[in-house]
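Colleague: Before I use any of the labels on this model, I would like to hear what each one rests on. Please take me through them.

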Amino acid sequence: MSDLLRMEIFDCIAAVARPVHDFGDEFMTDDATAAMGLRAGFAPGRGFYCRGRFGVLGEAPAAVVQSVQGFLGPDLVATGWRAGRPVMPAEEAAACYAQAVRAWGRTHIPADVDVEHFNGLAQRLIDAADADSLPLFAGWRAQPAPGDDPVGAAMQRIHVLREHRGACHLAAVRLSGLSAREAMVVNLGVEEATHYGWREPDPAAAALVPQWQRAERLTDELQAPLYATLTARQRAEFAQLVEGLTSAQIS
């Protein structure tokens, strides 16, 4: 088999991690997504994002939501979660957010991508995941994906895989001796960390960089069992499909 048709586990993880993260981030921060929240009855702000994304956790206190998601500043999460509470119950908000995920995918996933093949491989990864200690991922995995909307379902699976890596990364960050705040500053810098809700974070000390790099490696290791369920050829195909699916990222 040609090397181009084979891919080792960690090579595949490295190839898909950033596109999956960034494509999901484009959805979350797009004005079109915010407009969907407004049409659903949410006020401008973070209510739709927080209530929708974290609604799979049920009617949890804001502090519990914060502990599960980790990487956003606590004031941002608490404000958004509480603002969205009067609009609709958590379960309904999660379903509404899933509809927005699928609608965004139908607009942004290129028409020439084999989404049926992507869905088959992505679902194998999702089904193979051990969700213990990953409640946000578990909640999104439990959200039904429609059988009659393969493009929307592909976007929903991108979102679920993104939640899996995010949850694994939070665990890896803490295991590496970093707080979520420190990890955000090391990864993104003070200005971007502030954008994500951390108030006046201190600049990252150079000594923290190796710990963050260790967290990245641990995250890959936590995801490896998923990708071990695919053959080397399937991993290569999956990486190519992710590349094609996410190629229309908004600049």
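Modeller: What follows sets some of the labels against their cut-offs.
The model is predicted, so local features need pLDDT of at least 70 and side-chain atom pairs count only at pLDDT 80 or more, while totals for chains, interfaces and linings use all residues. Residues are numbered from 1 along each chain as its sequence is written, and side-chain values use heavy atoms, with hydrogens and water left out.

Colleague: Start with helix H1. How do you know that the span of H1 agrees with its 21 residues?

Modeller: Helices are DSSP runs of H or I with at least four residues, numbered from the N terminus, and strands are runs of E with at least two. The expected span is 1.5 Å times one less than the number of residues. For the 21 residues of H1 that gives 30 Å, and the end C-alpha atoms are 30 Å apart, so the two agree.

Colleague: Where in H1 does a kink lie?

Modeller: At Val-16, shortly before the proline Pro-19, with a bend of about 30 degrees. The bend at a residue is the angle between axes fitted to the seven residues ending there and the seven starting there.

Colleague: Which residues of H1 are buried, and what covers them?

Modeller: Buried means under 20% relative accessible area, exposed means over 50%, and partly exposed is in between, using a 1.4 Å probe and protein chains only. The buried residues of H1 include Cys-12, Val-16, Pro-19, Phe-23 and Phe-27. Their cover, judged by contact (heavy atoms within 4.5 Å), includes helix H2 (31–39), helix H3 (47–53), H6, H9, helix H12 (209–227) and helix H13 (232–245).

Colleague: What makes Asp-22 and Arg-18 a salt bridge?

Modeller: The term asks for a side-chain nitrogen of Lys or Arg within 4 Å of a carboxyl oxygen of Asp or Glu. Asp-22 and Arg-18 meet at 3.2 Å, N to O. Both lie in H1, 4 residues apart, about one turn of the helix. Asp-22 has a relative accessible area of 23%, so Asp-22 is partly exposed; at 46%, Arg-18 is partly exposed too.

Colleague: Which parts of the chain does the pair of Asp-25 and Arg-162 link?

Modeller: That salt bridge, at 3.5 Å N to O, links distant parts of the chain: Asp-25 is in H1 and Arg-162 is in helix H9 (residues 150–175), 137 residues apart. Arg-162 counts as buried because its relative accessibility is 11%. The whole structure has 8 salt bridges.

Colleague: What is the charged end of Arg-51 doing over Trp-81?

Modeller: A charge sits over a ring if NZ of Lys or CZ of Arg is within 6 Å of the ring centre and within 35 degrees of the ring normal. The charged end of Arg-51 sits over the ring of Trp-81, 4.6 Å from its centre. Arg-51 also forms a salt bridge with Glu-59, with the closest N and O atoms 2.9 Å apart.

Colleague: Why is the pair of Phe-42 and Phe-48 called tilted?

Modeller: Rings of Phe, Tyr and Trp (its six-membered ring) pair if their centres lie within 6.5 Å; planes under 30 degrees apart count as stacked, over 60 as edge-to-face and the rest as tilted. The count by this rule is 9 aromatic pairs. In the pair of Phe-42 and Phe-48 the centres are 5.2 Å apart and the planes are at 45 degrees, so it is tilted. Phe-42, at 3% relative accessibility, counts as buried, and Phe-48 does so at 6%. By contrast, Tyr-49 and Phe-54 form an edge-to-face pair, at 5.9 Å centre to centre and 75 degrees between the planes.
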